[in-house]
Amino acid sequence: MDVLTVIKSRRNIKKFKADSIDHDLLTSWLQAASLAPNHRMTEPWEILFVGPKTRAGLNHKSNFGSAPVVLAILSKKGNSVVEREENMAATACFIQNFMLAAWDAGVGTLWSSIGITPKNRTVLGVPDDYDIVGVFGVGFPEEIPEAKPRTPIEMKIKHLS
Ligand SMILES: Cc1cc2nc3c(=O)[nH]c(=O)nc-3n(C[C@H](O)[C@H](O)[C@H](O)COP(=O)(O)O)c2cc1C
C-alpha cells in the first residue's frame, strides 16, 4: 500500500483472529518504528512483550480482543518536564510508525490505556521513571470497523499574521 492508503485505512481493531504473527516480522516493524523523530536522540521507547500470566493479571475487559500478541510500550520520563513531554511525543510517533508498518502487512492493533492505573503498572513491573503510553493487542483483524468521521481539517487550521 502507498503511505496515504495505509494511514487512511488503519483502524483500532477490537477483535482478532488467533493466527500467530511471525516474530521476525514483528521485530522488523518495531525496528522501523524506531526511526521515529526523537529530540536529542533520547530514543525513549521500551517495549514489553506481555506473556499470558502477566496478561491475565491485567484483566482487560475484552482480553485485548483475543490478540495473539500483547505489547506494552513505555516512554522514559527523562530529566525534566520538557524532556518527559518530548519523549512522550517521540514515543507516540514510534507507536504510529509501528501501527502503520503492521497495518501495511495486514496486522491490526488495539490501543488500550489500561497501563495508566497503578495496579496495572505494578502487574507490568514498570519502574517509576517510565510512562506507559499504551498496551496494545496486535494480530490479524477478525473485524475491521468503519472509519470514525473526523472534523474537516479546515476547521482546525488558523492562519497567523
Ligand atoms: C493515547 C490513546 C489512548 C487510547 N486508549 C484507548 C483505550 O483505552 N481503549 C480503546 O478502545 N481505544 C483507545 N484508543 C484508540 C482510540 O479509541 C481510537 O484510535 C479512536 O477511537 C479512533 O479510531 P481509529 O483509530 O480506528 O481511527 C486510544 C488512542 C490513543 C491515541
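Tutor: Before we start, helices here are DSSP runs of H or I with at least four residues, strands are runs of E with at least two, and the numbering goes from the N terminus. Also, this is a predicted model.

Student: Got it. So where is Ser66 found?

Tutor: Ser66 sits in the loop between helix 3 (52-58) and strand 2. Its phi is near 60°, a positive value in a residue other than glycine.

Student: Which loop holds Arg40, and what's its phi?

Tutor: Arg40 is in the loop between helix 2 and strand 1. Its phi is positive, about 60°, although Arg40 is not a glycine. Arg40 counts as exposed because it has 10 other C-beta atoms within 10 Å.

Student: Switching to helix 4. How far apart are its end C-alpha atoms?

Tutor: They're 35 Å apart. Helix 4 has 24 residues (81-104), so at 1.5 Å a residue it should span 34 Å, and the two values agree.

Student: Which of its residues are buried?

Tutor: Asn87, Ala90, Thr91, Phe94, Ile95, Phe98, Met99, Ala102 and Trp103.

Student: Why would buried positions be spaced like that?

Tutor: An α-helix has 3.6 residues a turn, so residues three or four places apart point the same way.

Student: Zoom in on Phe94. Which residues does it touch?

Tutor: Leaving out residues up to four places away in sequence, Phe94 touches Ala33, Ser34, Ala36 and Trp45. Phe94 is buried because 25 other C-beta atoms lie within 10 Å, and the cut-off is 20 or more.

Student: How far is Phe94 from Pro118 in space?

Tutor: 24 Å, C-alpha to C-alpha, and they're 24 residues apart in sequence.

Student: OK, strands. How many residues of strand 2 are buried?

Tutor: 8 of its 8. Val69, Leu71, Ile73 and Ser75 point one way, while Val70, Ala72, Leu74 and Lys76 point the other way.

Student: What does strand 2 pair with?

Tutor: Strand 1 pairs with it in the antiparallel sense over 5 bridges, with Ile47 opposite Ile73. Strand 4 also runs antiparallel to strand 2, joined by 8 bridges. There, Ala72 stands opposite Val135, and the bridge partner of Leu71 is Phe136.

Student: And strand 3? Which way does it run against strand 4, parallel or antiparallel?

Tutor: Antiparallel, over 5 bridges, with Thr109 opposite Val138. Strand 4 itself is mostly covered, with 10 of its 10 residues buried.

Student: Which residues are around the ligand?

Tutor: Arg11, Asn12, Trp111, Ser112, Ser113, Gly134 and Lys148. By class that's 1 nonpolar, 4 polar and 2 charged residues.

Student: Last one: what does UniProt place at residues 56-139?

Tutor: The unreviewed UniProt entry has the feature "domain: Nitroreductase" there. Over residues 56-139 the chain is 40% helix and 27% strand, with the end C-alpha atoms 18 Å apart.

How values were computed: Residues numbered from 1 in each chain as written. Predicted model: local features only at pLDDT ≥ 70, side-chain atom pairs only at ≥ 80, totals over all residues. Near = placed C-beta within 6 Å. Nonpolar A, V, L, I, M, F, W, Y, C, P; charged D, E, K, R; others polar. UniProt positions renumbered as here; feature names shortened; annotations may be inferred. Expected span 1.5 Å × (residues − 1). Buried ≥ 20, exposed ≤ 12 C-beta atoms within 10 Å, placed from the backbone. Contact = placed C-beta atoms within 7 Å. Pairing = 2+ DSSP bridges.
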